[in-house]
Amino acid sequence: MKFDFFTSPLTRRKALWLAATIALAFVALASHFRPQRVGDGSEYYAMYGTIIHGHRTFMTPQGWDAYDKLVRKGRITAMVDTDTLSHTFPSLIQQSGSDFNHFWMYPGLAAVAGGWTLFVHAKAHMGFMILHAILLGCLVFVAARSFGWAGPLAVFALIAGSPLLWFIDKVHTEFFTFCCVAIASTLIFQKRNFASAVWLALASTQNISIGASAVLMLSIAVWNRRDRGFSPMQVCMIGLTLALTAIHPIYYFFRVGVIDPQLLAGGAKIGANASTMYVWFFDPDVGLFPNWPLGLVFVACLVVAIGRKHLELPRSFWAFLVVFLATNLYAQSSTENLNSGATIDVARYGLWYVGLFLPLLASLLSRAAREQQGLLEMKGAAARAGALVVTALTLWSIVYGSRHFNPGRPEQYLDPTPLSRWIQAEHPTWYTPPDQIFVTRNAGQSVASLPPSYAVAGPGCRKFLVVERANAPVRPVAKDWCGLDLTLLPDAVFHPTGAQRLGADGSRIHTVILNKTDLDRAKPRFQLNHTYSVSADSLDGASLLGAGWNMREPWGVWSEGSASILTGLAPECTDRSLIIDLEVNPFLTPKNKMIEVSANVNGIPAGSYQMSESVPAQLQFRAPCSALTGSRTLTISLQIKGAMSPKTAYGVPDTRVLGVGLKTFRLTASNSDI
């Protein structure tokens, strides 16, 4: 059985109808999600407004006025306020107006594609979504014309089964870059090098390093035509490629004196992290493949197909791959922020490479479909089993991706991934991430917000990254202290010796790994008649926070969900009753007007309270000391009814389910009956 209908390139008319249908469906899908500003989104919204209303590519008074109105309307969540944004890049403020760290081509195209929607009172966000729909339509058209139905199927698998799904409705350049690179890669595969150079040049307007690949493909195209001359269309594509490649560096050179604004305003230092460029592919927190395991399956299939000569890549494609990887990995290693936001887990830089897979995956699908016996009748048990495994993994990846990378989810980049958590907790010697990734993921905050000297604990508290500076004592920092008493940690955490590295600022950097014995010795014990503080600046209360708490803040810590736990080694309680005093603030909103908190002490009820006013409250629970008899551990379980997330209450991106904010707690013993 042959699948000619699946592998034969679609006619121009059919491909156009398919592309238009998918583009319209995309707009409908993207409109389903409430717009949320992430990362650099405010810059793009602001430039969109200044292009449409101020008719300039830099910020003018008309542009700032349009942006301020957009912010005050509140239709897009988490927008940066106008005053803050206008002073974010002081070195890029000129007398004529302000520039940003990111180029205006992306919002400019959005203004051209969707600016007309203002006349029907549509949101500014819609202009970008129409641009995304057009780019996706172009990608589907090129894929269908090149590979038949295998092309659009490959597009669907790459988007729905990868972290790219989260970016489809985000005003950020990741989806723009993916579409441009995927189209260019497909055209290179089809040996249409002039057209591929144009799309790479378009991508380079936002990411200047891609310009090297555009120049390469243009050079190959010109060389191949050296004896035949050029058609008028090819001459136009040559000029357009050169113009698009040059517009970014020329614009900034004449505006601010450098070819890229990040070299002036901050954010990049050439080659700063060249030794860690592997992280974009393999780091368990930010790497592409740990967050997109299906990509590794595709790589394995490609290696087998190329090794067995079932798939042959054009030489120009090999040259393109080498230059694209070399130039972009080096450029990305120049960033000063390895753990950037505006994403779910994976670093945005890794997504530049997903588009390279499109022609390769489409070719594999076409090859499989053209086999004489068809995919379902492959000869050999191994071949059939392999096809079944790949199909199952692909379907699983699409189902998992549609949940984990759902566009409606808020950004998530300050927590270790499950894989990273397992490695650091169970096998801490296997891998140590770059310092910035380890610190921001495990401390839940930026390096700049940490004390001068600090020890950041990884998952399971098995590994500490210790940074020492002169005349500053080391302070431990972590989101979860694993139920350890910080005062009982080995001295190596606070005064490490042995192997060390020097930071750029002269700080001494150590990696300390604790064994199981160290952890057992540091288990905390409740003390009677001691007031514990759980603020971010306090050390003693943190060790007794169990499950069900959010990250500590300067004032205390919010509960998370319907149950929160205090746990540690039990104190000596020889009297009749144990008294637990909590100082809390209830999280009350118009949608949840009452919070009820009940407590269990080692499973024995200790009382309950109801709060209906947003004022500090003192809660006191009592349990018999007999609840501690025969148990080394004291577990205080707080059951919270009425907890609600700020997102549910107010429509903001904060999805934490808040009940009470705990400030302090104290345990005492009493001879009185309960």
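# Close-up views of a predicted model

View 1. C573 is buried, with a relative accessible area of 15%. Here "buried" means under 20% relative accessible area, "exposed" means over 50%, and "partly exposed" is in between (1.4 Å probe, protein chains only). Before we go on, a word about the model: it is predicted, so local features need pLDDT of at least 70 and side-chain atom pairs count only at pLDDT 80 or more, while totals for chains, interfaces and linings use all residues. Residues are numbered from 1 along each chain as its sequence is written, and side-chain values use heavy atoms, with hydrogens and water left out.

Which residue forms a disulfide with C573? The partner is C625, and the two sulfur atoms are 1.8 Å apart. A disulfide is a pair of cysteine sulfur atoms within 2.5 Å, and by this rule the count comes to one disulfide. C573 sits in the loop between strand 8 and strand 9 (577–586), and C625 in the loop between strand 12 (617–624) and strand 13 (633–641), so the pair ties together parts that are 52 residues apart in sequence. Helices (H or I, at least four residues) and strands (E, at least two) are DSSP runs, numbered from the N terminus. Like C573, C625 counts as buried, at 5% relative accessibility.

**View 2. Two cysteines without a bond.** C179 is in no disulfide. Its nearest cysteine sulfur belongs to C180 and is 7.0 Å away.

**View 3. Inside the largest nonpolar core.** A nonpolar core is a set of buried Ala, Val, Leu, Ile, Met, Phe, Trp, Tyr and Cys residues joined through side-chain atoms within 4.5 Å. The largest one has 132 residues, and F128, L158, F178 and W292 touch the most other members. Which helix gives the most to this core? Helix 7 (residues 124–147) does, with 15 residues. Now pick out F178: leaving aside its neighbours within four places in sequence, it is in contact (heavy atoms within 4.5 Å) with L139, L158, I159, L164, V354 and G355. Apart from this core lies another, of 36 residues, among them W549, L566, L582 and V597.

View 4. S397 lies in helix 19 (residues 381–404) and is buried, with a relative accessible area of 4%. Not counting residues up to four places away in sequence, S397 touches A160, G161, W292 and L294. S196 lies in helix 10 (residues 193–204) and is buried as well, with a relative accessible area of 0%. Leaving aside neighbours within four places in sequence, S196 is in contact with A184, L187, I188 and M217.

View 5. How many residues of strand 2 (residues 463–468) are buried? Six of its six are, so the strand is mostly covered. Both faces are covered: K463, L465 and V467 are buried on one side, and F464, V466 and E468 on the other. Two strands pair if DSSP finds at least two bridges between them. Strand 2 pairs with strand 1 (residues 454–457) in the antiparallel sense over four bridges, and L465 is the bridge partner of V456. Five residues lie between these strands in their hairpin, where G460 takes a positive phi near 75°. Strand 2 also runs antiparallel to strand 5 (residues 508–513), with six bridges joining them. There, L465 stands opposite T511.

View 6. Strand 10 (residues 595–601) and strand 11 pair over six antiparallel bridges. Which residue of strand 11 stands opposite V601? The residue is I604.
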